[in-house]
Amino acid sequence: MKIKNGFLNLEQTRQCHAHIIKTHFKFSYTNIINPLTRYNSLVTSYIKNNKPSSALNIYAFMRKNGSEVDNFTIPTILKACAQVLMTHLGKEIHGFAIKNGLDGDAYVSNALIQMYSECGSLVSARYLFDEMPNRDVVSWSTMIRGYHRGGLPEEALEVMREMRFMDIRPSEVAMISMVSLFADVADVDLGKAIHACVVRNCKDEKLGVAIATALIDMYSKCGNLAYAKQLFNRLNQNSVVSWTVMISGYIRCNEINEGVRLFAEMIEENVFPSEITILSLIIECGFVGGLQLGKWLHAYILRNGFEFSLAMANALVDMYGKCREIRSARTLFDGMKSKDVMIWNAVISAYAQAHCIDKAFELFIHMKVSKVRPNEVTMVGLLSLCTEAGALEMGKWLHTYIEKQGLEVDVILKTALVDMYAKCGDVNGAYRLFSEAIYRDICMWNAMMAGYGMHGCGEEALIFFVDMERSGVKPNGITFIGLLNACSHAGLVTEGKSVFDKMVHGLGLVPKIEHYGCMVDLLGRAGLLDEAHEMIKSMPLRPNMIVWGALLAASKLHKNPSMGEIAATQILEIEPQNYGYNVLMSNIYAVANRWNDVAGVRRVMKEIRVKKEPGFSSVEVNGLVHKFIRGGMVNWKS
């Protein structure tokens, strides 16, 4: 049998597998190639051909027949466990490795860390990492990548600091993981530092294409297109990947015309886009709301004979949903003959983003009728919609459905449930779920704390924060947004100032615009308008609508038209068409009996044709959310 590229293709693997079973290993060359080697080759080949379930079947057959399993078999099987997210089997294999003395092998330990990381069990991965007597560069790289993919950048940064302290020279794979991490953090100063680190650690003078492409992506995500373009132009040989990353960067930074120009230039250079290129660009269009470019890419796919795969359809449905083009998303969805759970999730998400809760749930029912089993992503999306609409009864129904269907409740889904109960008014239900959770990440703590804050339970939120720190969970920026909001709603000014001071000076976190907005709101609600204004003037960031809006609202609350004028002037410079703040300023003048000023604001609103959208309220009755506007109820169950 001729073997291409050093391993069997899928059909050859199946033939070999059948031959082994049929002959019971009675080959003429049995003494040359032992059964273990043949098993390992089969397992590797199934993994290479993206058939993890078949690889796991081989492993089960080996264990059943008492065949030898070595330190080459275990890592390959763990890779299969990670691909199908079978944590329970991974744990069983971990136990088998310990029992047979294979856990001391660095190759096995690294595979276990990777398996736990990819299955979402980062606590187990970190415990293993910490217990390893001899960690190699792969161990460090795997742990950094695990935290990065798990959405825990601060933990990944901490591992990087430890790695540097231990004087471990990173491999190219590790450096790519580090660069990707800084791309997601979107901190250009840290990005420049890692760039310098990469240059120092590269063996050759010139960067390789892979690491240079990762740096281009990082600078693009940090909004520094000049550096990204400079690196791109220096590449001796631009691959389709580097072209894709550079074009995606332009789209991400809303320089869509330049992205289109570069796309045309790529084709002129005889570098033709792959399916991955098109998928990447469609995804970016969704993020920035680039509907016209998204439609053009859709047409390009149809014109150029690309295979209309489920992945392509899923990306397009998701893009149309994010651009609020629901009709196109639904038409594309309905036209697909074969539908997997991902595309169902995408169209449900599209309805959710358009706030069409009734349509989203109708589709969910249709999904069940079509015998497509919802997964954790489906449930998280629907729970988030219930959270936004305040639909507690619907959320409880989904919770019951999850339990009845035996869906695996990972930390993300558990957090979504905690968040739904907390924000829909059932704080006790949220805390009960929180208490039952075996593993609590920072997101779950934050969800619970934000729930306390929304309901004015400031003291409870502060106690909860202390408990979180005692549990060894390190707070992040989102933690302090929830905590400052809690202090603001409860009128805990001294405590709020202490929290802000702890964040900045105690933990060294750099305040973002949201933190300043919370502080202005805290001080403003307490009537400390001058202090709030001084904080705005001392901000290292340019104040936005949220910050000035908080001061304006506080000015109305405490009947201070002069401070309101200062805030309103700044707001109208930023966003002159914003009717809400015009109306608020008019109300402030009215309270102060400054009727000429009221008339002036109204006149300006009329001149610039500002139209006030009617406000609405909603109430959930018998599992349906009804929307009310002035004059009566809208016949709308979303």
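**Cysteines, salt bridges and a nonpolar core**

At 8% relative accessibility, Cys518 counts as buried, a word that here stands for under 20% relative accessible area, with exposed meaning over 50% and partly exposed the range in between (1.4 Å probe, protein chains only). The structure is a predicted model, in which local features need pLDDT of at least 70 and side-chain atom pairs count only at pLDDT 80 or more, while totals for chains, interfaces and linings use all residues. Residues are numbered from 1 along each chain as its sequence is written, and side-chain values use heavy atoms, with hydrogens and water left out.

The sulfur of Cys518 lies 9.8 Å from the closest cysteine sulfur, which belongs to Cys487, and this is too far for a bond, given that a disulfide is a pair of cysteine sulfur atoms within 2.5 Å. A search of the whole structure finds zero disulfides. Cys253 is likewise in no disulfide, and the nearest cysteine sulfur, that of Cys222, is 9.5 Å away; Cys253 is partly exposed, with a relative accessible area of 26%.

The next topic is charged pairs. A salt bridge is counted where a side-chain nitrogen of Lys or Arg is within 4 Å of a carboxyl oxygen of Asp or Glu, and by this rule the count comes to 17. One of them joins Asp217 to Arg252, with the closest N and O atoms 3.7 Å apart. Asp217 lies in helix H12 (residues 209-221) and Arg252 in helix H14 (residues 240-252), so the pair ties together parts that are 35 residues apart in sequence; helices (H or I, at least four residues) and strands (E, at least two) are DSSP runs, numbered from the N terminus. Asp217 is buried, at 15% relative accessible area, whereas Arg252 is partly exposed, at 21%.

In helix H15 (residues 256-268), Arg261 and Glu258 are three residues apart, which is about one helical turn, and they form a salt bridge whose closest N and O atoms are 2.6 Å apart. Arg261 also forms a salt bridge with Glu265, the closest N and O atoms being 2.7 Å apart, and this pair lies four residues apart in helix H15, again about one turn of the helix. Glu265 is partly exposed at 25% relative accessibility. Elsewhere, salt bridges that share partners join Asp217, Lys221, Arg252 and Glu284 into one network.

In soluble globular proteins, nonpolar side chains tend to be buried together. A nonpolar core is a set of buried Ala, Val, Leu, Ile, Met, Phe, Trp, Tyr and Cys residues joined through side-chain atoms within 4.5 Å, and the largest such core here has 189 residues, those with the most contacts inside it being Met218, Ile282, Met379 and Leu551. Helix H20 (residues 341-353) gives the most to this core, with nine residues. Not counting residues up to four places away in sequence, Met379 touches Phe364, Pro374, Leu398, Tyr401, Ile402, Leu407 and Leu413, where contact means heavy atoms within 4.5 Å.

On the surface, Val123, Ile438 and Tyr439 form a nonpolar patch with about 330 Å² of accessible area together. Such patches are made of residues with over 30% relative accessible area and no salt bridge, like charges being joined within 9 Å and nonpolar side chains (Val, Leu, Ile, Met, Phe, Trp, Tyr) within 5 Å. Ile438 sits in the loop between helix H25 (427-436) and helix H26 (442-454), and Ile438 is exposed, with a relative accessible area of 88%.

Conventions. Areas by Shrake-Rupley, 256 points an atom, 1.4 Å probe, with all protein chains shown as cover.
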